[in-house]
Amino acid sequence: MIARGQSLFRRLSLIIATVLLLGAIILTTAAWYYARVAADDAYDRLLVGAALQIADAISVQDGKIGVEPPVSAFETLALARNDRIFYQVRDPSGAVLTGNDDLRSTATPSSLSQGPVVADGRYRQIPVRMVTVRRLVPEPAAQGWATVTVAQTREARSALAEDLTAKASLLVLAMCGLALIAMMIAVRQALAPLRVIDRALRSREPKDLTPLDVEVPREIFVLVTSINHFMERLSRRIGLMNRFIGDAAHQIRTPLTALIAQVDLLSTETNPTRQERQLARVQERATELARLTNQLLSHAMVIHRAEIDQFEPVDLVGLARRTLSEAVPLSLGRPVEISFEAKVEQVLIEGDVVSLREALANIIHNALKHGARSRLTVRVSADAERASVEVIDDGPGIPVANWNRVREPFQSGDPAGTGSGLGLSIAVDVVRAHEGELRFREHSGEGFAVVLTFRRLDAGSHASPPFLQEP
Amino acid sequence: MLLRLIGAVLSCCGLLAGLPAVLAAEVTRFPAPGGEQSVIAIHAATDLAAMKPLIQDFQALIPTVSIEYNEYVTNDLFAAAQKACAAGESPMDIVLSSSVDQLVALVNQGCALSFRSPQTAQTPSWAKWRDEIFGFTIEPAVIVFNRTLVPPEDIPRTRGELLDLLRAKPDRYDGKIGSYDITESGIGYLFASYDARTSSTYGRLLEAFGRAHAVVHCCTSDVLADLAAGRIALGYNLLGSYAYGALRAGAPIGIVIPRDYNLVLSRAVLIPAGRHRPVGALRFVDYLLSERGQRVGREASFFFGAETPLPPEVDGPMTLSMGGTFNPITIGPELLVVQDRARRARFLEEWRRSMRGADGQ
């Protein structure tokens, strides 16, 4: 079940929009701050200029200090058209020569010696920008510093600052808008390959499990590879199933038809002796059919389990011993000597117990049924790399010419076709799934052998699994 | 009303007692023709005769408003308005004066109410400041002459010509030149300071006036009366509107718009800050600035406009703004310099010295 999560597009949009908004706020604040500084800077020049002009108009006539503020000073200040103007001229003794008596400058003599002092202030509760300059009055009689203070309301500054801020904000907004649009296009672009894949999958025939052939960016390529890998596995599996079902149907249909024919014969037979023989034949056929069905089912199971990747450590010695004791029927109809040999006490391989047991049991069954005349030996051995199980009998064995053929399902080593040859093919499948090897050994001193070889679990590594170290 | 009556009584008593703090105002009431619903108190430094047609036309438009017209001389009005502003509670709905520098000082002190309307938007930018003070007239400073005393060839059309005339015929015009006593007349001081700023002829003109024993008066009307009566022959820098009013009333005078440069004053109006819902005042200012108010003012009292043709019999260019000599007194912070007390003291000192210097000779 796919959980339908939040839209990727919406999430990305939200994150980027938030970042942009934060950025816009920061930028606008910065713009406002710089605009204020710039506006102050621009209008401070006018203010200082006007104050210097007034200071320049301070003169001494007949030993009296006087001042005649020039029109140009006021015209300079009037460039900030809507701002109110306050000013004051003091002589060296501190007496107000002209202007607003109650205007108070915050400038100190020491700060004034550095040049004009510009500061924010208040006049009659109105916020103003204020500049104070000083001028040496040269006459010896009244030697000292006269001061000129000029204050101006902040309207023009605020208007300029607002104007600059508004324009900067507009730019910031435009930039954010562009970024947002670009982001949306980018996200759509980035998600577009997914739609391509979606279309490619949708437009397929239900049976089409061939790999996807679409051109996708590197970032999406992994996804397509995974899909293709998955489809390949699916396809292989379905192929196996199809083959199995086809074969199984064929295999079961033939003995069933034969069985039905036998039963028909039985029902019309009146001779008791022949009837009895006929019944034995029906029994034989039914047993054969049951065995075949079991084998088919176990084959299906093995095919199914082969797909399971989760193997676990298996002790091959124990497994072989148990399988042998379970596989040998109580009566064989002939005396056969069964023996088990283990050259090692325990050897671990990685595998699936159930399918391994099934494979081994099938080989033993085959050997008992078609081979062993008087002797069957199961031998487990191991070297540094490998572990192997041999099933040896003293029967005729499988002719070398048929070795490859018997590995295929439904090919019996017995040309007469008494039983299905599923047993060996199951074993072949299991061994292949365990990345092992199934070999035949021609008559040696002891007889025909089927050899299963697996890779040891602790092969080539000196670090043994912990349970081996137990005493 | 009662308070105002008491105020009037008190001011009468004050006058009787000779207290200097009380400022004289002449009060005239224009009762609402359609039944009084509200009162507008106009405090003005303008002749009632000039404002009367406007007030009556305003009442024709809005008949439920009574108008109380308080007439001052400019300096008294300024002092009263400043006092009211400092007190925070102004009894004035409207302050109207030809001494625009004083009104600008009031605006600078934060004593005026800011307001905008379609009418205020139409006012040229040089005639308003901060949307608080609005010029509503166009009044050129003119040279006026007595037609019987000044022969046509003597009529001066520039300040230079006036100087030449005084130099050429000193005896004929001795004691026959009239102008403002700028120590008393706000408008005289304003015109003189602009003259001093605009042209270098001012100093020489002042000297020439001193030598010719110029007669000075507090007010335009006094100079005009002298001119009409023939006591003087030439008047300098007189308000064109009053001069043309006298001409229309039959005075034997002629009016010349100076051709070198033409100072133009715009009489201004403001609404004191701190008035609660000054609806009547806003309407009255809107009316003054409206096309109708402008037309009525031009036809009945002020006669001049920037773009309209000059009134008949006035010697000058086709219109005031024509010919590049139109020099309006900008209503703005620049006018604060006119109010500077150190500057004023020096300027008056210089003026006195020039005038007295002539006496000393």
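Trainee: How many disulfides does a search of the whole structure find over all chains?
Mentor: The model is predicted. The search covers the whole structure, every chain included. Its count of disulfides is two.

Trainee: Which residue does the disulfide join to Cys85(B)?
Mentor: Start at Cys85(B), in helix α3 (residues 74–87) of chain B. The pair links distant parts of the chain, 26 residues apart. The other end sits in the loop between α4 (100–108) and α5 (118–122) of chain B. The S to S distance is 2.0 Å, and the partner is Cys111(B).

Trainee: Why is the disulfide of Cys85(B) and Cys111(B) assigned a hand, and which one?
Mentor: Look at the torsion about the S-S bond. For Cys85(B) and Cys111(B) the torsion is about -85°. The disulfide is therefore left-handed.

Trainee: How far apart are the sulfur atoms of Cys218(B) and Cys219(B)?
Mentor: A disulfide needs its sulfur atoms within 2.5 Å. Cys218(B) and Cys219(B) form one. Their sulfur atoms are apart by 2.2 Å.

Trainee: How do Cys218(B) and Cys219(B) count by relative accessibility?
Mentor: Cys218(B) has 27% relative accessibility. Cys219(B) has 25%. So both Cys218(B) and Cys219(B) count as partly exposed.

Trainee: What pattern do the disulfides of chain B follow?
Mentor: Count the bonded cysteines along the chain. One disulfide joins Cys85(B) to Cys111(B). Another is formed by Cys218(B) and Cys219(B). The pattern is 1-2, 3-4.

Trainee: Which strands of chain A stand at the edges of the open sheet?
Mentor: Five strands form the sheet, in the order β4-β3-β7-β6-β5 (chain A), with antiparallel pairing. An edge strand here has a single partner strand, so one side is left without a neighbour in the sheet. The edge strands are β4 (96–99) and β5 (117–123) of chain A.

Trainee: What is the bridge partner of Arg90(A) in β4(A)?
Mentor: Strand β3 (residues 85–90) of chain A runs antiparallel to β4(A). Three bridges join β3 and β4 of chain A. In β4(A), the partner of Arg90(A) is Val96(A).

Trainee: At what angle does helix α1 (residues 8–56) of chain A run to β6(A)?
Mentor: Helix α1 lies across β3, β5, β6 (126–137) and β7 (144–153) of chain A. The angle of α1 to β6(A) is about 40°.

Methods: Residues numbered from 1 in each chain as written. Chains lettered and ligands numbered in written order. Predicted model: local features only at pLDDT ≥ 70, side-chain atom pairs only at ≥ 80, totals over all residues. Heavy atoms only, no water. Helix = DSSP H or I, 4+ residues; strand = E, 2+ residues; numbered from the N terminus. Buried < 20%, exposed > 50% of the residue type's maximum accessible area, 1.4 Å probe, protein only. Pairing = 2+ DSSP bridges. Contact = heavy atoms within 4.5 Å. Axes fitted to C-alpha atoms, helices over the stretch in contact; angles between N-to-C directions.
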